[in-house]
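The following exercises concern a predicted model.

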Amino acid sequence: MPAPDLLLLRHGETQWNREGRYQGQQDSPLSLTGIGQVRAVAETLKAQFGDLSMYQVWASPLARTRQSVSILCDELGVTYGAVHFDDRLKERNYGRWEGLTRDDITAGYADDLAREHQDRWGFAIPEGGESFADVASRLGRWLEERAADQPLIVMAHGGSGRVLRGIYAGMGTDEIFACNDPQSTIYFLENGTTRTFAADPDALHAFGCSDAGLGVRI
């Protein structure tokens with residue numbers, strides 16, 4: 001089924017990103033670096049793609065993506081009230097891992113890590129968590145509903161964004177897990193393919209960012 005052109009973005013660095021904590025569907029606010037990353041991404045979008053007025057903007061409704069898309073709208077001159085929020089774009093629910101570091105999980109939930117190692121795609125984290133297969137199912141439904149002739153800007157997350165790229169480009173699970181670009185990367189999805197654009201280093205520096213951000217954790 002034909003899919004629209006799609007500019008896929010990830011929220012800026014958060015306080016929990018900085019501390020190495022799994023956020024999932026809990027939240028922490030953007031750091032100053034994260035705010036700068038979003039501004040640098042917006043400058044790079046304008047330089048690479050020019051007029052974006054025909055693009056419809058969609059976002060996860062979690063607080064860190066709302067904050068990020070608000071900054072993006074200011075930079076691009078887009079009305080925040082025109083943004084479409086959809087629960088299906090949320091990050092993976094990490095269940096009882098949310099708020100914990102990897103060391104915390106290793107110490108407290110070693111059995112979870114063993115099960116994840118056995119079935120990385122199908123393992124649903126206990127206490128309300130999702131598997132990557134669950135995330136792919138909801139993202140696939142969202143993508144199927146989008147009109148092929150309506151280009152989109154989507155502000156999402158590391159994990160859910162990686163899965164959405166995989167669905168769009170028909171990747172296998174190993175390819176999806178290998179996607180691990182920095183936080184300020186722009187993904188241009190077009191005709192079943194994915195191209196990446198790094199945020200302009202000069203823009204990152206101008207907005208106070210010491211680096212391009214984190215890759216996807218798992």
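**Exercise 1. In which strand does Met155 lie, and is the residue buried or exposed?**

Step 1. Met155 is part of strand E4.

Step 2. Its relative accessible area is 1%. Buried means under 20% relative accessible area, and Met155 is therefore buried.

Step 3. Residues up to four places away in sequence are set aside. Met155 then touches Leu9, Arg10, His11, Trp58, Ala59, Ser60, Thr65, Ser68, Val69 and Leu72.

Step 4. Leu6 lies 149 residues away from Met155 along the chain, and the C-alpha atoms of the two residues are separated by 11 Å.

**Exercise 2. Determine how strand E4 is covered on its two faces.**

Step 1. In a regular strand, side chains alternate between the two faces of the sheet.

Step 2. In E4, one side carries Leu152, Val154 and Ala156, and the other carries Ile153 and Met155.

Step 3. The residues on both sides are all buried. The count for the strand is 5 of its 5 residues, and E4 is described as mostly covered.

**Exercise 3. Describe the sheet that contains E4, its pairings and the helices that lie on it.**

Step 1. The sheet is open and has 6 strands, in the order E3-E2-E4-E1-E5-E6, with mixed pairing.

Step 2. Strand E3 (84-85) and strand E6 (193-198) are the edges, each pairing on one side only.

Step 3. Strand E1 (residues 6-10) pairs with E4 (residues 152-156) in the parallel sense, over 5 bridges. Within this pairing, Leu7 has Ile153 of E4 as its bridge partner.

Step 4. Helix H3 (residues 63-76) packs on the sheet and touches E1, strand E2 (56-59), E3 and E4. The direction of H3 makes about 140° with that of E4.

Step 5. E2 also pairs with E4 in the parallel sense, here over 4 bridges. Val57 stands opposite Ile153 in E4.

Step 6. Helix H7 lies across E1, E4, strand E5 (185-190) and E6. H7 runs at about 25° to E5.

**Exercise 4. Characterise the packing of H6 with H7 and of H2 with H3.**

Step 1. Two packed helices are described by the angle between their axes and the distance between the axes.

Step 2. For helix H6 (residues 132-144) and helix H7 (residues 158-169), the axes come within 9 Å and cross at roughly 60°. H6 and H7 are therefore oblique to each other, and the crossing is right-handed.

Step 3. H6 contributes Phe132, Val135, Ala136, Leu139, Gly140, Trp142 and Leu143 to the contact, while H7 contributes Ser160, Arg162, Val163, Leu164, Ile167 and Tyr168. By class, this contact of H6 with H7 has 10 nonpolar, 2 polar and 1 charged residues.

Step 4. For helix H2 (residues 32-49) and H3, the axes come within 9 Å and cross at roughly 40°. H2 is therefore oblique to H3, and H2 passes H3 in a right-handed crossing.

Step 5. On the H2 side the contact involves Ile35, Val38, Arg39, Ala42, Glu43, Leu45 and Lys46, which meet Gln67, Ser68, Ile71, Leu72, Glu75 and Leu76 in H3. These residues divide into 7 nonpolar, 2 polar and 4 charged.

Conventions
Residues numbered from 1 in each chain as written. Predicted model: local features only at pLDDT ≥ 70, side-chain atom pairs only at ≥ 80, totals over all residues. Heavy atoms only, no water. Axes fitted to C-alpha atoms, helices over the stretch in contact; angles between N-to-C directions. Parallel < 35°, antiparallel > 145°, perpendicular 65-115°, else oblique. Left-handed = near helix turned anticlockwise from the far one by under 90°. Contact = heavy atoms within 4.5 Å. Nonpolar A, V, L, I, M, F, W, Y, C, P; charged D, E, K, R; others polar. Pairing = 2+ DSSP bridges. Buried < 20%, exposed > 50% of the residue type's maximum accessible area, 1.4 Å probe, protein only.
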